[in-house]
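Subject: Structure for your records, with notes on its contacts

Dear colleague,

Please find below the structure that I am handing over to you. My notes on it follow directly after.

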Amino acid sequence: MNKYIFGSLLFGAISMTFSSCSLDEYNPSGEGADEVFVTAQGMEGLVNQMYYNFRWKYYGREDPVLYMEGSADIWQNLASSYEYGMQLTRCVNLQGDRGQMANVWNRVYDNINDCNAIINRINDAGGMTADVRETFEGEARFMRSYCYWWLVEFFGDIELRTQETGAPTFSAARTPREQIYDEVIIPDAKRAAELLPVKEYKGQIGRSTKKAAKALLARVLLTRAQYEEEGSAAQMALYDSAYVAAMNMIENIEALNVKLYATYDDIWKARNNKNNTEFLWVTTFSENSALDPDSKPNRVFRYFAPRLNGNGGITSSSWEYPKEGGMVQPSYYFMTLWEDWDARYDAIFQEEFPAQKDFSWNFAAALRFNEQNILVGKKVKKDETVMRFTKDEVTEEMKKAVNYAYVGVNDIFDLTTKNSYGGARLFNIKDSEIVSQGHSEYAATAFPRFMKYRVWDPDMPDGPKLLADPAGQFGYGDVPVMRFAEVPLIAAECLIKLGRTGEAAEIINKHIRNARVVKAGHKLSEAQVTPSDMTIEWIMEERARELCGEWLRWFDCKRIYAKFDKNATNPGRGYKEDGTFSKIIRGRNPSMTSDDCLQEYHAQRPIPNTFLDKLQNANEFGQNKGYDPYVRQ
């Protein structure tokens, strides 16, 4: 623990108001730490420190996009950047030397160390009321539960630490993941739900509250069930407990300060970002760049975007078209999951892009879309559609009938490669033969723009942006880490496992497939489900539609499709070869190369070499199954 930041540095303010604060730094060591943490100020600073890494290294940054979303079945590498981050998205040459894995391990364990210090020192700290003491302990237990959930799901059997580490240690022992869940993850989530207040401490958005802890409890109970034998009494008991926890929250949302928006689009409006009533826990960013640690603002809005700038006369000079950093695009499988009635698609994907100014298509501009024989000479007026990228197939006749570039899913994916998993390959934009057959290099990267992290809204009361400069990379929107919709989906999944499909359908119809997700001109009955619809595969499809881009897809695929080898004796244990984790992901995302890419053992990540390098018993601790055995350099 090198630095403790005091004050409200790590939190965004309420209702779009951003304020600066003083920064006091302490460098406690030995007796210094003991002196600082017995004060109310010192303890509050330590609590604040827990949230730091989530802004600095994770949510809002590119790495989680790659290893939480891009390494699963609904997103894949951008066609024009297919080698970028392939160790994380496709597990090509993924080994313990990857810095991104070391960052997760080190920074999340840093948080756990802070949590341990708070939990074990809180009763010795003076100058606090009983309510504040309970709040701080609740925040620490929530964070420790979340962090261990993340580490265990990534790395498997790891070391369990419940005491703060004040001096370097040179040995470590693995603890079975079931034990970590049963002794820390689940009890901490339960205790946090008891201790935490309904509203954020001092009104600081970004701190954990009772609603977040209750949702986390349901999540970790559901996740824990995968480590018991399929259909066993122990597994059924966990599903029942997770269902009860989820329903406890669903039935008390008003008391927990959760309020659902009238329309689905309202959830994602930029104007509602800073005090969102459906977000359960967020990572905050500030308009004041001095408050964003190490000048690392929220850039997540850039990573799910097609290449718009430089096409159709569009430049990054307006709020609607901020600078892109395209990284992932939807898989064909994902694009086929949406039905015509579903208003959620229109809320979170933008297909039509208006012209910034009057624009006339010339040969070079039209060639970008391989429409030089269709578009040249056509004119578009300002604010009319200049490009449209759709999830549907588009024919040449449809393209001739409009004055804009029209890209269909069949221009992005080779539909002759569709397989039984619902996947299809991207066109290889580097293949000159493919291009010569009429498939544009640019069109392969022209997909509907993902808008959950939108930064532009003309109706925002304080201005139309959550962005400092449209041509820059500095975004200050808050990033949701947990959202209410996950909870009814957890409840329904548990009920399906328990054989109570009628109740599962009722929960989905009431809390997910309600009127607000139905487009005008369609009937509610089109969206409603029946008990026969309620299968685990349906849940996976619905979680893709509802929770896409919300940091859960890799965890979902692992939980549902990997087959844990409970009785294995190798360090860290691992996953059986007869699971479907890798087969389904590769099937739904067949653009993954078959050479040294995702395999069953990738359902857990490699132990970082930088950690093993520090251990005297590194060989005993060992590398996870499937990865190159650790060799000290």
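The notes below cover strands and helices, then individual side chains, then salt bridges and a surface patch.

This is a predicted model, in which local features need pLDDT of at least 70 and side-chain atom pairs count only at pLDDT 80 or more, while totals for chains, interfaces and linings use all residues. Residues are numbered from 1 along each chain as its sequence is written, and side-chain values use heavy atoms, with hydrogens and water left out.

Strands and helices

Helices (H or I, at least four residues) and strands (E, at least two) are DSSP runs, numbered from the N terminus. Buried means under 20% relative accessible area, exposed means over 50%, and partly exposed lies in between (1.4 Å probe, protein chains only).

Strand β10 covers residues 385-389, and five of its five residues are buried, so the strand is largely enclosed by the rest of the structure. Two strands are taken to pair if DSSP finds at least two bridges between them. Strand β7 (residues 352-354) is joined to β10 by three bridges, and the two run antiparallel; here Phe353 has Met387 of β10 as its bridge partner. Three bridges also join β10 to strand β11 (residues 405-407), this time in a parallel arrangement. In that pairing, Phe389 stands opposite Val407 of β11.

Strand β15 (residues 479-483) is mostly covered, with five of its five residues buried. Four bridges connect β15 with β4, and these strands run antiparallel. The bridge partner of Trp281 in β15 is Met482.

Helix α2 (residues 40-49) is mostly covered as well, eight of its 10 residues being buried. Among them are Met43, Glu44, Leu46 and Val47.

Lys274 is found in the loop between α11 (264-268) and β4 (279-283). At 1% relative accessibility, Lys274 counts as buried. A polar contact is a pair of N or O atoms within 3.5 Å; within protein, one must be able to donate a hydrogen and the other to accept it, and residues adjacent in sequence count only if both atoms are side-chain atoms. The side chain of Lys274 reaches the backbone oxygen of Phe285 at 2.6 Å, and a polar atom of this side chain lies 2.7 Å from the backbone oxygen of Tyr476.

Asp414 belongs to strand β12 (residues 413-414). Its side chain makes a polar contact with the side chain of Thr416 at 2.6 Å. Leaving aside neighbours within four places in sequence, Asp414 is in contact (heavy atoms within 4.5 Å) with Ala424, Arg425 and Phe427. Asp414 and Arg425 are 11 residues apart in sequence, and their C-alpha atoms are 5.6 Å apart in space.

Salt bridges

Side chains of opposite charge can pair when their charged atoms come close. A salt bridge is a side-chain nitrogen of Lys or Arg within 4 Å of a carboxyl oxygen of Asp or Glu, and a search of the whole structure finds 49 of them.

Which residue forms a salt bridge with Glu153? The partner is Lys558, and the closest N and O atoms are 2.8 Å apart. Glu153 lies in helix α7 (residues 130-155) and Lys558 in helix α22 (residues 553-561), so the pair ties together parts that are 405 residues apart in sequence. Glu153 is buried, with a relative accessible area of 1%, and Lys558 is buried at 0%.

Arg344 and Glu546 also meet in a salt bridge through their side chains (2.9 Å, N to O). Arg344 lies in helix α13 (residues 343-348) and Glu546 in helix α21 (residues 536-547), so this pair ties together parts that are 202 residues apart in sequence. Both Arg344 and Glu546 are buried.

The side chains of Asp392 and Lys391 form a salt bridge at 3.2 Å, N to O. Asp392 counts as partly exposed at 37% relative accessibility, whereas Lys391 counts as buried at 13%. Elsewhere, salt bridges that share partners join Asp342, Arg344, Lys452, Arg483, Arg513, Glu542, Arg545, Glu546 and Glu550 into one network.

A surface patch

Patches are made of residues with over 30% relative accessible area and no salt bridge; like charges are joined within 9 Å, and nonpolar side chains (Val, Leu, Ile, Met, Phe, Trp, Tyr) within 5 Å. Accessible areas come from the Shrake-Rupley method with a 1.4 Å probe, and for residues only the protein chains shown count as cover. Phe363, Leu367 and Val376 form a nonpolar patch on the surface, with about 270 Å² of accessible area together. Leu367 is placed in helix α14 (residues 363-367) and counts as partly exposed at 41% relative accessibility.

With kind regards
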